[in-house]
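Subject: Structure handover

Hello,

Here is the structure you asked for. Please open it first, then read the notes below.

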Amino acid sequence: MEILTESDTKAKLIDPALHKKGWTENLIRREETERGIDIVDGKPRRRERGRIDYLLRVEINITTQPVTVALIEAKRSNEPADKGLEQAKKYARLNHVPFVYSSNGHLFVEYDHFTGKTVGPNPLEEFPTPEILRKRYEQGVGFSLESEVAKPLLVSYPGGEASRRYYQDAAVRAAIEKIAKGDKRLLLFLATGSGKTFIAVHILKKIADAGQLRRALFVCDRDELRTQGLGAFQNVFGADVAEVTLSNPQKNARILIATYQTLNVAGETEDAKFFLENYPHNYFSHIIIDECHRSAWGKWSIVLRQNPDAVQIGLTATPRSFEGGTQEERREDEEITANNLKYFGEPVYEYDMAQGIEDGYLPACEVIRRATDLDEKGVDSEDIERLGAIDAITGQPLMVAEAREHYGAPSFEDIIQLPDRVKTWCKDLFESLLQIGGPHQKTVIFCVRDTHADAVAAGMNNLYAEWCTKNGHKRLDPYAFKCTAIVGGSQYIADLRGSERSHFVATTVDLITTGVDVPILRNVVFFKYVRSPISFQQMMGRGSRIHLPTNKLMFRVYDYTNATRLLGKEFIVRPAPPPRSPKPPTPPEKIVRVEGFDVHVNPAGTYIVTEKEGRLAMVTVEEYKQRIAERLVEEIKTFDDFRNCWINPQERKRLIDSLPEGGRGIRLLREILSRKEYDLYDVLAEIGFGVAPKSRKEREEALRYKHDAWLKSLPKKAADTLLALARQFERGGTEELENPYVFNAPDVIKAGGLEALKILGEPRDIINKTKEKLFSA
């Protein structure tokens, strides 16, 4: 029996069987993700193609939007039918479908999310029809697709299905399904940069087009976010959308965009007068709370309490799993998360940063850690006695007794200023920027307070000015600038986002921590000790947007304060404790300034951001190598088998796809291990089988002298062409050798080209023979 690849299994076995069961092409969708991002030679590169999910849909009639109900994972025809089931379950969660299938083209296995049961294997001829799956779906969700409550599910996207990403459609369907079941409170968790506002807009659009929207309110945290939200809603709803201001409550509009501040509900001291006077009880039929991790339990919860009959949707980019920080800060984060879950319930849909990176919708992330000797040691009274200290406000000298006996690193730049540390960190960061891409990279540096942001901006500007003078470059001022609330920093966000000739490095405290879109941002820097996992996730998320005009497909996190320890950590959500009695106010402490330290910054490791045990995490290079090695030897038992697999393009692709994060992981590892002159073959051979690696150049040279007799046995033009092809391998590795355009390379044409190989027979066969020689060299 012929052994078929996955794609051939679909085309020759599964598709015909589905068509016989009534699954016509309009009911089959091949949902392809964006091409994932690998890091090659320190630069991001798109993969050849994204993941393709094989989805089945049912429809009421030809004018309505089909509803996705099932997913099929196809395997090769000689593999067990259930081999792809666990993988398919993951894809089904991402696509929000209840029926999951794995098939080798002969048999299929089914997992039913509604019942939790797995059945099969059964002959493919017994695959359920669209009518059967529709009936089972309706039984599972508890409503008919022809009922009134189901109408929003059947509304098409105004821009067509190409306008949305697969997970955005899944989130929209998950929300509408829950509303159709009669639930009025929903929580959606999606990573920063994944398009939460798009989802909010289209949930309301489908509800409105189904005739079920009366008035809606979209609430966000600040003016910048309101402007972004207003534009997104107006693009779809047009004049039905209006921006609420203190002078105009916009009562004639159908969809209102407002901030907490505008509604007079931002804090406990506000009286909510504007909101209560303009919007009576149950005025809104739908309310969407953007970034609901802000906590819905302060003064502004009156927005929800005044509209108890409204459908209330919470959006957040903050996952439930994190730990770290002081007990007080952890208590606050746990309280916010616990209250969100208690009020809105478990998320109806989740899409995290690790999945976004894997799918290619979010940029890859590299973490570069630094350790500072002064931060490990701290500053004590002996240091102050030796170096002296001044009052940072008055400039007057201070006695040792006026300072603390010890200052720990978290107090640095808060109650003790250390100019030498600031200069050293700025110098280290600036040199890092020069090494990777140059100084003109959009960067945000999170600082402790405004005075610290001033000092860092000045330090970066001084280094930039010196660099420009030394290298004969014209300064593009302002280079570094403070962007904090106290100086009206929001006015500079447009320059940070849009200008390519100025405003490269923003030093901030908390103005750019949430919601502000700066897709061009390439570096996120922590000069600030962070203990709130929610705050950390928001700060790191500023870099997690792809920017195609500048080919930004990755971003870097420079961590000087061990903030990334909070990445993907888990804590158990506990009910919110009772409020504590406020502590009596303490007199302000003098801010001390001490100079004269010899500060040293040392590398503290490079990490890969990936998924681990179901959540976003950083893993060391060694741990990542071990994960790849374990998976590699599971798939390939011997080194000879590995070499034979590598020569076959289809087998090699299958092998790479089976490794952790596919090609992205191994290519990123090659970069970090400083193996960029080596083919992936040698990187994997070293990791999995302990074989000493050879560079691509060494392999090309070895082909010449180790297989000289073989080359001399060939016609001269054919031998010259193969050597020219080997030089292409030296430049780009195995993939370059197999590139169909390789025969257009000038030196290959000059040597004799494709025609010279045809003399020997099928060119593909002779190239495979050459690959055998290359990898045995």
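Glu 79 counts as buried, with a relative accessibility of 9%. Buried here means under 20% relative accessible area, exposed means over 50%, and partly exposed lies in between (1.4 Å probe, protein chains only). The side chain of Glu 79 meets that of Lys 83 in a salt bridge, at 2.9 Å from N to O. Lys 83 is partly exposed, at 45% relative accessibility. A salt bridge is a side-chain nitrogen of Lys or Arg within 4 Å of a carboxyl oxygen of Asp or Glu.

Before going further: this is a predicted model, in which local features need pLDDT of at least 70 and side-chain atom pairs count only at pLDDT 80 or more, while totals for chains, interfaces and linings use all residues. Residues are numbered from 1 along each chain as its sequence is written, and side-chain values use heavy atoms, with hydrogens and water left out.

More on the salt bridges. The count by that rule is 40. Glu 366 pairs with Arg 556, with the closest N and O atoms 3.1 Å apart. This pair links distant parts of the chain: Glu 366 lies in strand E16 (residues 364-372) and Arg 556 in strand E25 (residues 554-559), 190 residues apart. Both Glu 366 and Arg 556 are buried. Helices (H or I, at least four residues) and strands (E, at least two) are DSSP runs, numbered from the N terminus.

Glu 402 forms a salt bridge with Lys 590, the closest N and O atoms being 3.0 Å apart. This pair also links distant parts of the chain, 188 residues apart. Glu 402 sits in the loop between strand E18 (390-391) and strand E19 (406-407), and Lys 590 in the loop between E25 and strand E26 (592-593). Glu 402 is partly exposed at 37% relative accessibility. Lys 590 is partly exposed too, with a relative accessible area of 40%. Elsewhere, salt bridges that share partners join Arg 631, Glu 634, Glu 635, Glu 651 and Arg 654 into one network.

Next, the strands. E16 is mostly covered, with nine of its nine residues buried. Both of its faces are covered. One side carries Ala 364, Glu 366, Ile 368, Arg 370 and Thr 372. The other carries Cys 365, Val 367, Arg 369 and Ala 371. E16 and E25 pair in the parallel sense over six bridges, and Val 367 stands opposite Val 557 in E25. Two strands pair if DSSP finds at least two bridges between them.

There is also an open sheet of three strands, in the order E18-E26-E20, with mixed pairing. Its edge strands are E18 and strand E20 (416-417), each pairing on one side only. E18 and E26 run antiparallel and are joined by two bridges. Asp 391 has Val 592 in E26 as its bridge partner.

Asn 523 is in strand E24 (residues 523-526) and is buried, with a relative accessible area of 1%. Its side chain makes polar contacts with the side chains of Gln 441 at 3.0 Å and Thr 443 at 3.1 Å. A polar contact is a pair of N or O atoms within 3.5 Å; within protein, one must be able to donate a hydrogen and the other to accept it, and residues adjacent in sequence count only if both atoms are side-chain atoms. Not counting residues up to four places away in sequence, Asn 523 touches Leu 433, Gln 441, Lys 442, Thr 443, Val 444, Arg 556 and Tyr 558. Contact means heavy atoms within 4.5 Å.

In helix H2 (residues 85-95), the buried residues include Leu 85, Ala 88, Tyr 91, Ala 92 and Asn 95. H2 is followed by His 96, whose phi is positive, near 55 degrees. In helix H18 (residues 639-647), Phe 642, Arg 643, Cys 645, Trp 646 and Ile 647 are buried. Among the elements covering them are helix H17 (621-635), helix H19 (649-658) and helix H28 (763-776).

Last, the cysteines. A disulfide is a pair of cysteine sulfur atoms within 2.5 Å, and the count comes to zero. The sulfur of Cys 447 is 8.1 Å from the closest cysteine sulfur, in Cys 426, which is too far for a bond. Cys 447 is buried at 0% relative accessibility. Cys 468 is buried as well, with a relative accessible area of 2%.

Best wishes
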